[in-house]
Amino acid sequence: MSSIADIRKDYKLKDLTEEQAQKHPVDQFSQWWKEAIAAEIDEVNAMTLATASTDGIPDARIVLLKEYDKQGFVFFTNYGSAKGRQLAENPYATLVFFWKELERQVRVSGQVERISEEESDQYYNSRPEGSRIGAWASPQSQVIKSREWLDEQDLNFREIFRSKPITRPPHWGGYRVKPLRIEFWQGRPSRLHDRLYYTLSQQGSWIMERLAP
């Protein structure tokens with residue numbers, strides 16, 4: 001068997017130049033997003049969410065992008081989960097998209113805020129019934145007795161909502177990551193990758209620079 005150190009891939013599908021790139025990073029994200037959709041990437045909206053609490057220890061997990069525009073990138077979770085507690089202490093986060101089929105990565109860093117209750121209600125009511133029940137049944141990130149206990153919770157809430165609408169739990173909703181920095185990474189041969197880095201100036205305009213790989 002080859003060693004882990006021998007595992008490597010040479011990237012050569014595309015390039016990314018300043019002339020190609022959009023002036024606004026969300027416009028550039030939209031361009032890449034459309035290409036990722038066209039490439040039929042499995043779970044194209046999966047992204048790593050990195051957070052840190054006041055102790056400075058970072059944490060990360062995969063979540064799903066549910067909406068984006070020039071205001072920010074939206075995901076949903078339990079407010080009492082580990083990430084929810086960390087964001088309450090330190091309302092900054094980084095998102096990472098990795099679309100290996102296109103040899104691309106996007107990093108989004110910024111301040112995080114809760115979206116409105118109306119926006120959270122709208123998305124929650126669009127979810128399948130099982131997912132809406134699950135938001136009630138699971139005390140996310142807390143220690144629980146067993147899988148059987150969780151299944152009992154699920155059955156209990158199915159019974160509670162058997163004859164009435166499944167309303168959104170007050171502890172569940174959306175967050176918006178409002179970007180301050182966005183980096184677009186395109187794999188290139190010999191590890192000489194293209195990296196275009198956008199930063200938001202104090203005047204509200206975006207500055208694009210090239211980073212060394």
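Start by selecting the aromatic rings: the model holds 21 aromatic pairs. Rings of Phe, Tyr and Trp (its six-membered ring) pair if their centres lie within 6.5 Å; planes under 30 degrees apart count as stacked, over 60 as edge-to-face and the rest as tilted.

Now pick Phe29 and Trp99. Their pair is tilted, with 5.9 Å centre to centre and 45° between the planes. Phe29 belongs to helix H1 (residues 25-38) and Trp99 to strand S5 (residues 92-99), so the pair links distant parts of the chain, 70 residues apart. Helices (H or I, at least four residues) and strands (E, at least two) are DSSP runs, numbered from the N terminus. Both Phe29 and Trp99 are buried, that is, under 20% relative accessible area, with exposed over 50% and partly exposed in between (1.4 Å probe, protein chains only).

A note on the model. It is predicted: local features need pLDDT of at least 70, side-chain atom pairs count only at pLDDT 80 or more, and totals for chains, interfaces and linings use all residues. Residues are numbered from 1 along each chain as its sequence is written, and side-chain values use heavy atoms, with hydrogens and water left out.

Next, select helix H2 (residues 82-89). Its buried residues are Ala82, Lys83, Gly84, Gln86 and Leu87.

Move to Tyr79 and Arg114. The charged end of Arg114 sits over the Tyr79 ring, 3.6 Å from its centre. The rule asks for NZ of Lys or CZ of Arg within 6 Å of the ring centre and within 35 degrees of the ring normal.

Then show Phe76, Thr77, Arg127, Gln140 and Trp172. Of the 15 residues lining the largest pocket, these lie nearest its centre. A pocket is an open set of points on a 1 Å grid over the protein atoms alone, where a 1.4 Å probe fits, with protein on both sides within 12 Å along at least five of seven lines; lining residues have an atom within 4 Å of a point. S2, S4 and helix H4 (129-137) each supply at least two lining residues.

Finally, zoom out. The chain has five helices and nine strands. Buried residues make up 40% of its 213 residues.
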